[in-house]
Amino acid sequence: GDARDLVEDLEVAAQAIGYGPHIIAKALHVHESTTVRHGSILLGPTCSGKTAACSILMKALSSRGDHCRTMYMNPLVLTPELMFGFFDTKNGEWNDGAFSAIWRKSMRNKNMHTWIVMDGPINTRWMEHLNTVLDETKMLTIANGDRMPLAEGNKVIFEVDSLRHASPSTVMRTGLVNFPPNLISIPGLIKAWLKKRRPDEA
């Protein structure tokens with residue numbers, strides 16, 4: 001069936017990079033979460049396999065003809081204005097932010113499913129802009145009045161090490177996948193890094 005086929009595709013993707021069965025299992029959990037929710041939180045410390053699970057899941061889905069890509073964003077280095085857009089006070093023109101620009105472009109690309117990954121702690125200052133994205137309206141509303149629906153197959157993922165600043169409503173609106181510490185060992189990281197090197201770098 002489809003589930004068995006996906007496991008096989010995940011095994012191929014994991015083997016190509018050098019990840020083991022624990023990451024494959026977590027990639028399956030992420031797939032289950034993103035199948036029923038358009039927003040998911042991947043919770044765990046650094047080196048717990050959050051990015052690795054997403055990576056092999058993208059490769060496995062793409063190999064099945066369901067073309068996917070991840071767009072990573074660090075919310076720590078961007079203000080809400082730089083994430084979601086602002087009016088230029090000098091000329092009154094609207095400037096899209098990084099998140100709204102990716103969102104707008106992904107709406108037009110029907111042949112590619114885009115997962116926007118927020119790689120950093122949740123902050124209420126920018127999270128409030130995503131309330132309508134995560135609820136049943138699936139709509140990004142920005143300050144210039146544009147209302148942009150979530151394109152079919154697109155997802156919003158939060159890679160975090162804590163839910164300290166996440167509101168109960170955010171947690172309720174998203175799927176949650178827990179990643180225990182030390183899911184990826186140091187030798188495992190080195191092995192995966194070596195597999196990614198080009199032959200001329202050996």
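Predicted model: local features only at pLDDT ≥ 70, side-chain atom pairs only at ≥ 80, totals over all residues.

Asp-5 has a relative accessibility of 35%, and therefore it counts as partly exposed. Asp-5 belongs to helix α1, which covers residues 2-17. Together with Asp-2, Glu-8 and Glu-11, Asp-5 forms a negative surface patch.

Side chains of opposite charge can pair when their charged atoms come close. How many salt bridges does the structure hold? There are 3 salt bridges.

One of them joins the side chains of Arg-64 and Asp-9, with a distance of 3.5 Å from N to O. This pair links distant parts of the chain, since Asp-9 sits in helix α1 and Arg-64 in the loop between α3 and β2 (68-73), 55 residues apart. As for accessibility, Arg-64 is partly exposed, its relative accessible area being 36%. Asp-9 is also partly exposed, with a value of 23%.

Next, please look at Arg-104. In the salt bridge between Arg-104 and Asp-146, the corresponding distance is 3.1 Å. Arg-104 lies in helix α5 (residues 98-108), whereas Asp-146 lies in the loop between β6 (139-141) and β7 (147-149), so this pair ties together parts that are 42 residues apart in sequence.

Asp-96 is partly exposed, with a relative accessible area of 28%. Asp-146 is partly exposed as well, at 27% relative accessibility.

Finally, I come to helix α3, which comprises residues 50-63. Helix α3 has 14 residues and reaches 20 Å from its first C-alpha to its last, close to the 20 Å expected at 1.5 Å a residue. Which residues of α3 are buried? They are Lys-50, Ala-52, Ala-53, Cys-54, Ile-56, Leu-57, Met-58, Ala-60 and Leu-61. Just after α3, Gly-65 adopts a positive phi of about 90°. The loop between α3 and β2 also holds Arg-64, whose partner in the salt bridge is Asp-9.

Thank you for your attention.

Key
Residues numbered from 1 in each chain as written. Heavy atoms only, no water. Patch = residues over 30% accessible without salt bridge, like charges linked within 9 Å, V, L, I, M, F, W, Y side chains within 5 Å. Areas by Shrake-Rupley, 256 points an atom, 1.4 Å probe, with all protein chains shown as cover. Salt bridge = Lys/Arg side-chain N within 4 Å of Asp/Glu carboxyl O. Lys, Arg positive; Asp, Glu negative; His and termini not counted. Charge placed at Lys NZ, Arg CZ, Asp CG, Glu CD. Helix = DSSP H or I, 4+ residues; strand = E, 2+ residues; numbered from the N terminus. Buried < 20%, exposed > 50% of the residue type's maximum accessible area, 1.4 Å probe, protein only. Expected span 1.5 Å × (residues − 1).
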